[in-house]
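Work through the exercises below with the coordinates loaded. Each one is followed by its solution.

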Amino acid sequence: MQQNRRIMDFIAGSAGGAFGVMVGYPFDTVKVNIQTQNMYRGIWHCVQSTYKNQGVYGFYKGMTMPVIAVSLSFSLAFGTYRNVLQYLCKLRHGTPEARPATCDLFLSGLTGGVAQVLLVSPADMVKVRLQCQRVAFSKFTAEAPKPKYHGPIHCLLTISREEGALGLYKGAQALALRDGPFFATFLTSYHIICEQLTPPGLTEPEWKVVLLAGGLSGMCGWCVSTPMDLIKARLQMDWIGQRRYRGFLHCITDSVRSEGPGVFFRGLSLNCMRAVPVNMAVLSSYEIVMRLLKQTN
């Protein structure tokens with residue numbers, strides 16, 4: 001049974017990740033543009049400009065690869081989380097079925113978040129480049145050159161050819177520092193909220209609890225990880241013309257020096273707005289698939 005549960009988490013995590021991307025991608029496009037471009041006066045101005053210049057498609061540009069990659073990465077994140085959690089429970093309490101301590105949940109989520117960076121970094125790089133390329137080149141002028149990248153595969157191959165394979169992992173350090181704490185906070189918060197709101201005698205949370213816990217835990221996760229999300233996006237977009245940043249630490253110091261410490265929370269409100277529907281979708285999908293798989297066993 002334990003072996004089956006470990007496999008089921010990989011499957012359910014994959015389904016939750018794919019559905020979450022489809023729900024949250026338009027929010028993510030606006031967030032990345034705000035974080036990496038200084039021409040927008042706010043969220044609504046960015047939405048209007050994107051729609052005016054690119055139409056509805058502009059909000060979904062480059063989504064194909066993230067759906068595939070996030071599906072795989074969430075599978076790895078949730079599967080790693082479950083396996084590490086059961087190992088810690090067995091190590092600390094003698095049985096994998098023991099009630100986990102908060103530190104067990106946090107460490108398991110942290111491990112799962114860092115592990116999936118290997119898969120998600122190249123796809124995230126492609127996503128950011130495709131989301132921002134037209135804005136970065138055009139500045140909304142009629143004389144703008146054609147976009148450099150013609151699609152996800154072309155973008156992936158071009159980056160590999162011009163910047164080497166490691167170019168696909170530019171910003172991976174910031175990505176690991178974003179996703180590790182995010183998953184640690186996200187999964188720990190979700191477990192605690194579900195546990196507190198589930199009546200005694202029930203082994204699984206009700207659907208309203210799943211939705212509430214998913215939205216709240218997602219907001220908690222982004223409050224922790226938004227600073228590294230901004231640094232990651234800036235490192236990934238540092239490719240047009242002369243490079244501005246010499247590396248991870250230089251990006252942090254330069255951003256603080258030129259824009260103040262408040263820059264690290266640019267996009268936080270949008271991240272929190274996005275977190276509610278996205279993480280409701282992720283965790284409700286995860287729970288649905290898990291319960292279906294349990295019934296088939």
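Helices (H or I, at least four residues) are DSSP runs, numbered from the N terminus. The model is predicted: local features need pLDDT of at least 70, side-chain atom pairs count only at pLDDT 80 or more, and totals for chains, interfaces and linings use all residues. Residues are numbered from 1 along each chain as its sequence is written, and side-chain values use heavy atoms, with hydrogens and water left out.

**Exercise 1. Is His45 buried or exposed, and what does it touch?**

Step 1. His45 has its place in helix 2 (residues 43-54).

Step 2. The relative accessible area of His45 is 17%, so this residue is buried.

Step 3. Not counting residues up to four places away in sequence, His45 touches Met39 and Tyr40.

**Exercise 2. Find the aromatic pairs and classify the pairs Phe74-Phe183 and Phe78-Tyr286.**

Step 1. Rings of Phe, Tyr and Trp (its six-membered ring) pair if their centres lie within 6.5 Å; planes under 30 degrees apart are stacked, over 60 edge-to-face, and the rest tilted. The structure holds 7 such pairs.

Step 2. For Phe74 and Phe183 the ring centres are 5.3 Å apart and the planes stand at 65 degrees, so the pair is edge-to-face. Phe74 belongs to helix 3 (residues 64-93) and Phe183 to helix 7 (residues 172-197), so the pair ties together parts 109 residues apart in sequence. Both Phe74 and Phe183 are buried.

Step 3. For Phe78 and Tyr286 the centres are 4.8 Å apart and the planes at 35 degrees, so the pair is tilted. Phe78 is buried at 2% relative accessibility, and Tyr286 is buried at 6%.

Step 4. Ring pairs join Phe74, Phe78, Phe182, Phe183, Phe186, Trp222 and Tyr286 into a cluster.

**Exercise 3. Which ring does Arg291 lie over?**

Step 1. A charge sits over a ring if NZ of Lys or CZ of Arg is within 6 Å of the ring centre and within 35 degrees of the ring normal.

Step 2. Arg291 lies over the face of Trp207, 4.3 Å from the ring centre.

**Exercise 4. Describe how helix 4 packs on helix 7 and on helix 3.**

Step 1. Two packed helices are described by the angle between their axes and the distance between the axes. Axes are lines fitted to C-alpha atoms, for helices over the stretch in contact, and angles run from 0 to 180 degrees between N-to-C directions.

Step 2. Helix 4 (residues 102-115) and helix 7 pack at about 140 degrees, with axes 7 Å apart. Under 35 degrees is roughly parallel, over 145 roughly antiparallel, 65 to 115 roughly perpendicular and the rest oblique. Helix 4 and helix 7 are therefore oblique to each other.

Step 3. A crossing is left-handed if the near helix is turned anticlockwise from the far one by less than a right angle, and right-handed if clockwise. The crossing of helix 4 and helix 7 is right-handed. Residues making the contact include Leu105, Phe106 and Gly109 of helix 4 and Gly180, Phe183 and Ala184 of helix 7.

Step 4. Helix 3 and helix 4 pack at about 145 degrees, with axes 8 Å apart, and their crossing is right-handed. Among the residues that meet are Tyr81 and Leu88 in helix 3 and Leu107 and Gly112 in helix 4.

Definitions and conventions
Helices (H or I, at least four residues) and strands (E, at least two) are DSSP runs, numbered from the N terminus. Buried means under 20% relative accessible area, exposed over 50%, partly exposed in between (1.4 Å probe, protein chains only). Contact means heavy atoms within 4.5 Å.
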